[in-house]
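Okay, thanks for making time, everyone. I'd like to walk you through one model today, starting with the overall picture and ending on a few single residues.

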Amino acid sequence: MIGTWRGALILTKHELSRSLKSYILVLFFLVYLIFFLLPMLKSILEGEKHIALEWAVDFLFYTMLPTIGLLCGKLQLQYWKSDPYSKKMAIWRTMPISSKQIALARYLQVLFGAVVTQVPLFTAFYIMIHYSSIQLPISTFIVFSLTWFSISLIITYLIIYLELGFTGKMYSVIYSLFMVVVMGFTMLYVALFRVSMVKLSINTISNGNYWPAVIAAAAATLVYVFGLKALISRLNKREYIG
């Protein structure tokens, strides 16, 4: 059997080559998201006080940043109906492909998707800020971007565990519940503190406090390490057909 990393890279390359059309569609969606999200960000950073707007920005950051990378896969919209990922993994497990290679390959594929989608998003965000009245140094913006990139990876890693570790219907149910929880959490936070977490993070970093990025990056690393082990254990135990 070939090495874990080599096998994972081969599997990642294979999946990416099959998902090219999905990436193109997601990039079109990304353009729509940029035109939809950036004006809201600009408004709250300029000091506009609107609770619904502040909540909408937080909700989109917590839900869209992690999932636009996941949407780059061909199978994302088919989980409930036909559970294609379980069937695909069942075929892979009959080959000399280990659970560790499957899990690592999915992590790498989603990491690639996150970079490809979030770099244009944050670049557009900075360009908008640069040509507005908002004063935000590029160093502050880079730290802000890394903070939310790390947060999105934490959520993405958790979603991958559900995606690969459970059947399509179970995954769909749990993911829907997750969206409801995030909606409730962001609504409660904004209602209590009257400020968007996105805006608060920018203000905190602007004051020279880079600890949000450090904590987020450290948490993402821990979730990756322990999440990968948990996912491998889950893949070794779960049933793929039936």
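So, a word on terms before anything else: helices here are DSSP runs of H or I with at least four residues, strands are runs of E with at least two, and both are numbered from the N terminus. What you're looking at is a predicted model, so local features need pLDDT of at least 70 and side-chain atom pairs count only at pLDDT 80 or more, while totals for chains, interfaces and linings use all residues. Residues are numbered from 1 along each chain as its sequence is written, and side-chain values use heavy atoms, with hydrogens and water left out.

The C-alpha trace spans about 60 × 30 × 30 Å along its principal axes. The radius of gyration, taken over C-alpha atoms, can be held against the globule rule, 2.2 Å times the number of residues to the power 0.38. For 242 residues a compact globule would come out near 18 Å, and the protein has 19 Å, which agrees.

How much of it is buried? Buried means under 20% relative accessible area, exposed means over 50%, and partly exposed is in between, with a 1.4 Å probe and protein chains only. By that count, 52% of the 242 residues are buried. On contacts, meaning heavy atoms within 4.5 Å, residues 24 or more positions apart account for 83% of those with a separation of 6 or more.

Now the inside. A nonpolar core is a set of buried Ala, Val, Leu, Ile, Met, Phe, Trp, Tyr and Cys residues joined through side-chain atoms within 4.5 Å. The largest one has 46 residues, and the members touching the most others are L41, F61, F122, F125, I129, F144 and W148. Helices supplying at least two residues each are α2 (20–45), α3 (51–70), α6 (99–130), α7 (138–165), α8 (168–193), α9 (197–206) and α10 (211–237). Which helix gives the most to this core? That's α3, with ten residues. There's also a second, separate core of 25 residues, which includes A103, A114, L228 and Y240.

Leaving aside neighbours within four places in sequence, W148 is in contact with F61, Y62, L65, Q118, F122, M197, V198 and S201. F122 sits in helix α6 and counts as buried at 6% relative accessibility. With the close sequence neighbours, those within four places, again set aside, F122 is in contact with F61, L65, F141, F144, S145 and W148.

Next, T140, over in helix α7. At 5% relative accessibility, T140 is buried too. Beyond the neighbours within four places, T140 is in contact with I202, I205 and S206.

A52 is another one to click on: it lies in helix α3 and is partly exposed, at 45% relative accessible area. A52 and A191 are 139 residues apart in sequence, yet 9.4 Å apart in space, C-alpha to C-alpha.

Last one. Where is R194? In the loop between α8 and α9. R194 has a positive phi of about 60 degrees although it isn't a glycine, and with a relative accessible area of 49% it is partly exposed.

That's my tour, happy to go back to any view.
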